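Subject: Structure for you to look at

Hello,

Here is the structure I promised to pass on. Please open it first, then read my notes below.

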Amino acid sequence: MNMIPRKRPHLVVVGNGMAGMRTVEELLARAPDAYDITVFGAEPHPNYNRILLSSVLAGEKEVGEIIINPRSWYAENHIALHTDEPITALDPQARIVTSESGRVTPYDTLLLATGSKPLAPPIPGLNLPGVCSFRDVKDVDQMIAASQTHRRAVVIGGGLLGLEAAWGLKRRGMSVAVVHLMPTLMERQLDRTAGELLQRDLDSRGIAFFTNGQTEEIYGENRVEGVRLADGRDIPADLVVMAIGIRPEISLAKQAGLDANRGVVVGDDMRTTDPHIYAVGECAEHRGQCFGLVAPLWDMAKICADRLAGIDAPLFAAPKMSTRLKITGIDVFSAGVLAAADESEDEITFSDAAAGIYKKLVIRDDKLVGAVLYGDVADGAWYFDLMCKGANLGDLRPAMIFGAKSNDSDPLAAVAAMPDDAQVCGCNGVSKGAILGCIKAKGLTTLDEVRAHSKASASCGSCTPQVGQLLALALGTGQVAEIVPTVCKCTSHTHEEVRAAIREHGLKSMAEIRKRMGWSTPDGCAKCRPALNYYLLCAWPGDYADDSRSRFVNERVHANIQKDGTFSVVPRMWGGLTNPTELRAIADVVEKYEIPTVKVTGGQRIDLLGVKKQDLPGVWADLNRAGMVSGHAYAKGLRTVKTCVGSEWCRFGTQDSTGLGVKLEKLMWGAWTPHKVKLAVSGCPRNCAEASIKDIGVVCIEAGYEILVGGNGGIELRGTDKLATVKSEDEVLEYSGAFLQLYREQARYLDRTAHWVARVGIDYVRQRIVEDETGRKDLYRRFLFAQSFSQTDPWAERAAGTDAHEFKLMASVE
Amino acid sequence: MSMDWIEIGSLSEIPRLGARVVQAGKIPVALFRTADDQVFAMHDRCPHKQGPLSEGIVHGRQVTCPLHNWVIDLQSGEAAAPDHGAAACFAAKVENGTVWLKHP
């Protein structure tokens, strides 16, 4: 026994985890010299962030990166640390603890922070090699090792922990199945719809699910070989991870005779039934409730530290809790009740299947009591704050499902309204006040700096929008840092990162991109495939072979699908000009194929609607014979060039706008672009061709031509920005071609020029096209080179037999 | 009506990650081929607004309808959550490169 007399009372902490060490940190902040402190930890590591083990498993972090308190921290604070040394006996009368190695340590005050142990159900086979839990670094090491030598993993448990384990193992290349006792995943945090959405998204990432699955047996000879379910289903496995839940570790407290039920019973001051012993964290039970999430543990740490420091401050009250799932690209938020319990509660739901977004709010007595968000969790913190405050919803209610922004034109209003102690980053326990304090104290100006210094959003990243808004609030710029979108849910990479990788690593196929950039799906989805196909086509003109299976149906069959499954056909009319031969051919083809509707379009051409798919090649052949080609009315490419009659006929016309329109259309037809592109040329500033709402508009004036860009007359009206005024038609062609090429090379797939110009700014575009003459000519040259491969009429090819299978039944059977 | 397997044609006639349509009496049946050459047969009508699923983009074991982007499971015919509905599925198999359909 250590007999050296102590001047200060001796605080012994049993448990070197997050709750225990947070309490010590809080104590040191309040009373740095109050105690001599000794810490015992059962694991060989200093205190690490257990929440981030899933990031280590997924290969996103190293173990070293999740250490919260390095050994130097213990030394600097004169804390005696004994790792790899579990405490096996506690004598509250003698006030001593004894470790596994036999070390006996007296204490004046004891802090129990022993955490939890994984739940182990009574099933055969739990001790087979290849079976582990998912609780500590040792488990993660075992899982990573297994992923390198074995192929098939089964995770038992479809809750938060199990799904993060499954995703990590999938990322490490294993084939993964999840067995879950309940019909839907994460049923304690998610309602049925959100649970099904989650299962769909994970399923599409290649994880198999066995729901309603009760594990009966884990079997194998020398190592685990599989899992058998009660209904007879059999799943082969080389690794089985048990993740069905946790149970407070209270064996020491029980042996010492402290009151304990599920956890060690503590009062509102974190004291156990022995006045010299406190308990915090997952091992503690407060008013019948145990806690497994981080937010209440931080509260316990503060309250306990107050008492240890002799501050008679607030008492512990179980806080409301929220949950997020840490799987890249899958956004889930849940807090409070999941569904209306009776008629006194209301549910408001919102669902957008195509975007994969689902939201449900539960309201009782005009107060928010529950929120389940899937796919878009940006407003999670706002809802959570409303719940915690118990605020009356009043006028907020009608639009609150659309989020904080819908109720206030100021995007920062939601974060501004949060109290300083509201937790923003759950992973690292960082409050709004701490973030703002850090920004101010260190003079931070970027999101990356805030992340590095405050640790907020440095882990799972799901609070990035709020942290960005707080930065904007602190800087007073009102500018919210832009959140760059990823290509789709198959990847965490942005469009820009993918395009850069294609160029830098010379990636020539979608499979190469997906492999190199760690796609979560084997052949992508309906969102990323068309984008990647376009990026490759744009990067390697003449070299990359277009993948028709990654084209939306309209671009695959070169016609527009209609609501009844028929198609529309729009032949090109250069600059809106036509003649008797073309009109006669159109009339003939309409009669021959009994096409029900003929309509003049807004882009000055003629639309034939209701063409049967099998008739398309015949219709095209007839139109081709009259000299007409595809109008690409279906394409993310050049659509129309609308013109007015110009100086040839109009008494106000200053230049030949019709002729210039035809030249522009001849230059640009056939080009594939990130989204559709429409042009117009007006012969005078009266602007009859409406050039100022087009992607590229030209307005002729006496002295030459004004080139306008980035306009849009669609959902959101945007007037063009003026790019330049030039003197000759040749310059119009060069500037417009260079602009189109810059858009092709830099915009995100499905960005219209209006979105792209609004984002990069017209000054940037002017600098690239107007000020940098060499750069402009290079862009124009690259455009012409790409065009040399794209100006083939797709209708003529198909009329001659290309892709014949697209237009025929495979078979007819009776 | 017989319940026998009917020989439809060669697997190579269906593009990988694509589909072809077989007219079975009055029912248009879409035959999908996945990246790993499995073939699935389904009524060529989306449960949402009867869109031709055969024209959708095939990914994994799913197809995205060309009309409103519903995602339909090729094995079960069910729409992925939060949408609800199902397209009728039929039995199909590939033997020695030949595609067979069980008459619906």
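Two strands pair if DSSP finds at least two bridges between them. Keep that in mind for the contact between the chains. Note too that this is a predicted model.

**Where the chains join**

Which strand of chain A pairs with β2(B)? It is β38 of chain A, residues 811-813. 3 bridges join the two strands, and they run parallel. Since at least two bridges are needed, the 3 found here make β38 of chain A and β2(B) a pair. One place to look is A:Ala811: its bridge partner in β2(B) is B:Val22.

**The contact as a whole**

The contact draws 29 residues from chain A and 32 residues from chain B. Which of them gives the largest share? That is β2(B), with 6 residues. As for the kinds of residue, the chain B side divides into 17 nonpolar, 10 polar and 5 charged.

**Chain B by itself**

Chain B has 10 strands and 0 helices. Read from the N terminus, its elements run β-β-β-β-β-β-β-β-β-β. The chain has 104 residues, and 51% of them count as buried. Take the contacts in chain B between residues at least 6 apart in sequence: 43% of these join residues at least 24 apart.

Most residues other than glycine have a negative phi. Two residues of chain A are worth a look here.

A:Asn212 is not a glycine, yet its phi is positive, at about 50°. It sits in the loop between β12 (207-210) and β13 (215-219) of chain A.

A:Met270 is not a glycine either, and its phi is positive, at about 75°. Its place is the loop between β18 (264-266) and β19 (277-279) of chain A.

Are these two buried or partly exposed? A:Asn212 has 14 C-beta neighbours inside 10 Å, so it counts as partly exposed. A:Met270 has 26 C-beta neighbours inside 10 Å, and therefore counts as buried. The cut-off for buried is 20 or more.

Best wishes

Note on methods:
Residues are numbered from 1 along each chain as its sequence is written. Chains are lettered from A and ligands numbered from 1 in the order in which they are written. This is a predicted model: local features need pLDDT of at least 70, side-chain atom pairs count only at pLDDT 80 or more; totals for chains, interfaces and linings use all residues. Two residues are in contact if their C-beta atoms, placed from the backbone, lie within 7 Å. Helices (H or I, at least four residues) and strands (E, at least two) are DSSP runs, numbered from the N terminus. Ala, Val, Leu, Ile, Met, Phe, Trp, Tyr, Cys and Pro count as nonpolar, Asp, Glu, Lys and Arg as charged, and the others, Gly among them, as polar. A residue is buried if 20 or more other C-beta atoms lie within 10 Å of its own, exposed if 12 or fewer, and partly exposed in between; C-beta atoms are placed from the backbone.
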